[in-house]
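The following note sets out points for a colleague reading this entry. Each point takes up one topic.

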Amino acid sequence: MDDGGQKFGADYAKLGTSSCSKCKTKLVKGELRLFKIAPNPFSEDGAEMKSYFHPACLFETLSRARATTAVVEHSSDIRGFPDLTDGDKDSVKKLISELSEKRANKKPSKVSPGKASNAGPSSSPGKKQATLFGAAAKVASQSSPSKSDDTSSTNSPATAAGEDDKFGHFVRA
């Protein structure tokens with residue numbers, strides 16, 4: 001079926017067995033439902049898969065979508081829109097205009113909040129500690145090269161504790 005690149009559609013629930021992908025409640029038989037169309041990953045012939053939504057649920061989901069995500073911008077973006085009743089057409093058009101207003105007023109963010117905290121080199125305390133321990137081991141091995149022959153054969157706990165005492169901020173647990 002040639003859909004002209006439409007990624008959304010509308011129809012009326014046929015059996016009342018489908019559920020809204022957002023709120024998970026059943027879509028009652030005869031109720032208006034909107035759907036997102038995506039390629040079916042389980043099909044080899046390029047068949048499509050539909051995710052059904054209540055109209056309000058779909059548009060709420062789209063209002064939180066990334067700026068690069070395809071959204072309904074006009075009624076022509078919805079497959080089957082001409083087949084809807086006049087009342088349903090009006091309610092969908094209203095949702096489309098509300099979505100357009102929300103997306104126009106939305107301030108673009110340059111960095112997502114999750115990535116902003118991971119920007120610097122000191123973002124992970126585990127990595128920072130690992131570099132401190134690595135640097136401390138390097139300093140210890142450079143500071144006493146002549147002792148390495150004597151201490152490597154004994155490996156006593158007192159010797160290990162003495163090495164830790166040189167760096168004061170390291171404490172043995």
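1. A disulfide is taken here as a pair of cysteine sulfur atoms within 2.5 Å. By that criterion the structure, which is a predicted model, holds zero disulfides. The sulfur of Cys57 has its closest cysteine sulfur in Cys20, at 3.7 Å, which is too far for a bond. For the sulfur of Cys23, the closest cysteine sulfur is likewise that of Cys20, and its distance of 3.7 Å is again too far for a bond.

2. Cys57 counts as buried, with a relative accessibility of 12%. Cys23, by contrast, is partly exposed, and its relative accessible area is 33%.

3. As to overall composition, the protein contains six helices and four strands. Of its 173 residues, 24% count as buried. The accessible surface amounts to about 12,300 Å², and carbon and sulfur atoms account for 55% of this area. Where contacts link residues at least 6 apart in sequence, 52% of them join residues at least 24 apart.

4. The four strands make up an open sheet with mixed pairing, in the order 3-2-1-4. Strand 3 (48–53) and strand 4 (78–79) are the edge strands; each has a single partner strand, so one side of each is left without a neighbour in the sheet.

5. How do the individual strands pair, parallel or antiparallel? Strand 1 (residues 8–12) and strand 4 run parallel and are joined by two bridges; here Gly9 stands opposite Arg79 of strand 4. Strand 1 is antiparallel to strand 2, with five bridges between them, and Asp11 has Arg33 in strand 2 as its bridge partner. Strand 2 and strand 3 are also antiparallel, joined by six bridges. Within that pairing, Ala38 is the bridge partner of Met49 in strand 3.

6. Which strands does helix 1 lie across? Helix 1 (residues 55–63) lies across strand 1, strand 2 (32–39) and strand 3, and runs at about 45° to strand 2.

7. The Ser63 side chain reaches the backbone oxygen of Glu60 at 2.7 Å. Leaving aside residues up to four places away in sequence, Ser63 touches Leu99, Lys102 and Lys106.

8. Lys24 has a positive phi of about 70°, although Lys24 is not a glycine. Most residues other than glycine have a negative phi. Where does Lys24 lie? Lys24 is found in the loop between strand 1 and strand 2. This residue is exposed, with a relative accessible area of 60%.

9. In summary, two matters may be kept in view when the model is examined. The cysteine sulfurs of Cys23 and Cys57 each have that of Cys20 as the closest cysteine sulfur, at a distance of 3.7 Å, and the structure has zero disulfides. The exposed residue Lys24 has a positive phi of about 70°.

Technical notes. Residues numbered from 1 in each chain as written. Predicted model: local features only at pLDDT ≥ 70, side-chain atom pairs only at ≥ 80, totals over all residues. Heavy atoms only, no water. Buried < 20%, exposed > 50% of the residue type's maximum accessible area, 1.4 Å probe, protein only. Contact = heavy atoms within 4.5 Å. Areas by Shrake-Rupley, 256 points an atom, 1.4 Å probe, with all protein chains shown as cover. Pairing = 2+ DSSP bridges. Axes fitted to C-alpha atoms, helices over the stretch in contact; angles between N-to-C directions. Polar contact = N/O pair within 3.5 Å; in protein donor to acceptor, adjacent residues only side chain to side chain.
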